[in-house]
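Work through the two exercises below with the coordinates open. Each task is followed by a solution in steps.

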Amino acid sequence: MRVELNTEKKRFARGHVIEVLEPHAQRVVPSCATHAAGCGGCDLAHANAGLQTDMKRQIVADALVRIGRVDETLVRTLLSASIGRVEAVGASGYRTTARAAITDGRAGYRKRSSHDVIHPSTCAVVHPLLEELLLGGRYKTGAGDEVVLRVSQATGERIALVAGDPDMAELPEDVIVVGRHQVAAGRQVHLTEEAAGRSWRVSADSFFQAGPTVASALVAAVRSAAGPVDGSTLVDAYAGIGLFGGTVGATARDLISIEQSGSSTEDARVNLAEMSATIVEGAVEGWKARPADIVIADPARRGLGDGGVEALERCGAPRFVLVSCDTGSLGRDVGLLSSHGYEVDSVQVINAFPDTSHVETVVGLRR
């Protein structure tokens with residue numbers, strides 16, 4: 001293919017495709033009209049499912065070897081060993097949360113390589129009840145420039161979180177519309193979702209995975225990487241609403257859940273109410289470490305960084321499970337953990353975002 005470079009760095013370059021000279025055998029024509037109109041969301045929609053999985057494995061392998069300095073032979077071996085455990089969600093309707101920009105009174109997505117907004121005519125990756133809001137919702141001046149739409153696959157409950165005045169949003173009567181200022185002032189709005197065999201309270205401003213299928217797949221991968229948990233002390237760092245603590249950590253003797261978001265912490269108090277859990281609201285970097293047998297860490301896209309690694313390494317846990325949604329920070333964090341004596345024991349690639357280059361990775365480490 002012919003590529004026009006936009007930026008060139010010492011170790012990599014970025015560009016955009018000018019012409020495809022010889023199409024790959026697994027290349028397909030995207031069927032989505034919104035994608036054809038320029039939507040930047042599904043950047044791998046031109047590849048079939050099998051090719052996408054291969055591409056994501058290569059992205060993860062490159063990050064671990066090039067950035068994390070993990071032995072290439074080991075990485076390839078571990079990725080091959082996890083073939084049977086790779087989880088892929090269906091590309092249709094898997095997302096139950098969508099963040100959209102508001103322009104001209106409608107919600108929309110960013111165009112490829114642009115800050116411009118395109119108003120979708122369809123969106124196959126979101127749940128049908130969410131697509132209805134995405135396409136049909138209208139917003140008067142004052143609603144703000146962004147809306148987060150959320151639906152429960154289990155109950156059909158729907159929430160819209162707007163940046164401005166909720167009275168300026170025109171949505172179906174069943175939708176609970178709330179403004180960010182109201183949430184900040186203490187208003188609690190939540191729905192009930194089901195994932196990994198149990199129910200969860202998820203508030204309007206709390207983090208939850210792309211959908212319950214993705215959440216269940218990640219729980220299975222983390223359980224596999226963590227190994228036996230019975231009778232252990234388990235630290236669930238960047239715990240969100242308590243997804244891993246409430247599943248993988250259910251049989252731990254002591255569970256310590258650490259989360260900075262007040263909304264997510266309140267959800268965790270409800271979700272972990274029947275467990276013997278210590279819930280810490282605050283930054284992981286400022287937490288005073290306690291001895292632990294297992295650490296599970298699911299940081300935001302920026303990763304653990306030096307502060308997160310140093311805080312959690314002081315637990316002295318022989319087992320560490322890192323969940324990452326960004327391969328760049330994944331490679332860096334694995335490198336930092338390696339410098340503290342951890343060795344990579346397992347690598348699982350979760351195709352949590354079909355048709356996109358985003359990938360979830362679960363890495364098990366031991367020392």
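**Exercise 1. A helix pair**

At roughly what angle do the axes of helix H8 and helix H9 cross? Classify the crossing and list the residues in contact.

Solution. The model is a predicted one.

Step 1: Helix H8 spans residues 305–313 and helix H9 spans residues 327–339. Their axes come within 10 Å and cross at roughly 40 degrees.

Step 2: Angles under 35 degrees count as roughly parallel, and 65 to 115 as roughly perpendicular. The angle found in the previous step therefore makes H8 oblique to H9.

Step 3: As for handedness, H8 and H9 form a right-handed crossing.

Step 4: On the H8 side, the contact involves Gly305, Asp306 and Val309. Their counterparts in H9 are Arg332, Asp333, Leu336 and Leu337.

Step 5: Sorted by type, the residues of this contact of H8 with H9 are three nonpolar, one polar and three charged.

**Exercise 2. Cysteines**

How many disulfides does the count come to?

Solution. 

Step 1: A disulfide requires two cysteine sulfur atoms within 2.5 Å.

Step 2: For Cys32, the closest cysteine sulfur belongs to Cys42 and lies 6.6 Å away, so the separation is too far for a bond.

Step 3: Cys325 is likewise in no disulfide, with the nearest cysteine sulfur, that of Cys42, 17 Å away.

Step 4: The count by this rule is zero disulfides.

Step 5: Is Cys325 buried or exposed? Buried means under 20% relative accessible area. Cys325 has 16% relative accessibility, so Cys325 counts as buried. Cys32, at 25% relative accessibility, counts as partly exposed.

Note on methods
Residues numbered from 1 in each chain as written. Predicted model: local features only at pLDDT ≥ 70, side-chain atom pairs only at ≥ 80, totals over all residues. Heavy atoms only, no water. Axes fitted to C-alpha atoms, helices over the stretch in contact; angles between N-to-C directions. Helix = DSSP H or I, 4+ residues; strand = E, 2+ residues; numbered from the N terminus. Parallel < 35°, antiparallel > 145°, perpendicular 65-115°, else oblique. Left-handed = near helix turned anticlockwise from the far one by under 90°. Contact = heavy atoms within 4.5 Å. Nonpolar A, V, L, I, M, F, W, Y, C, P; charged D, E, K, R; others polar. Buried < 20%, exposed > 50% of the residue type's maximum accessible area, 1.4 Å probe, protein only.
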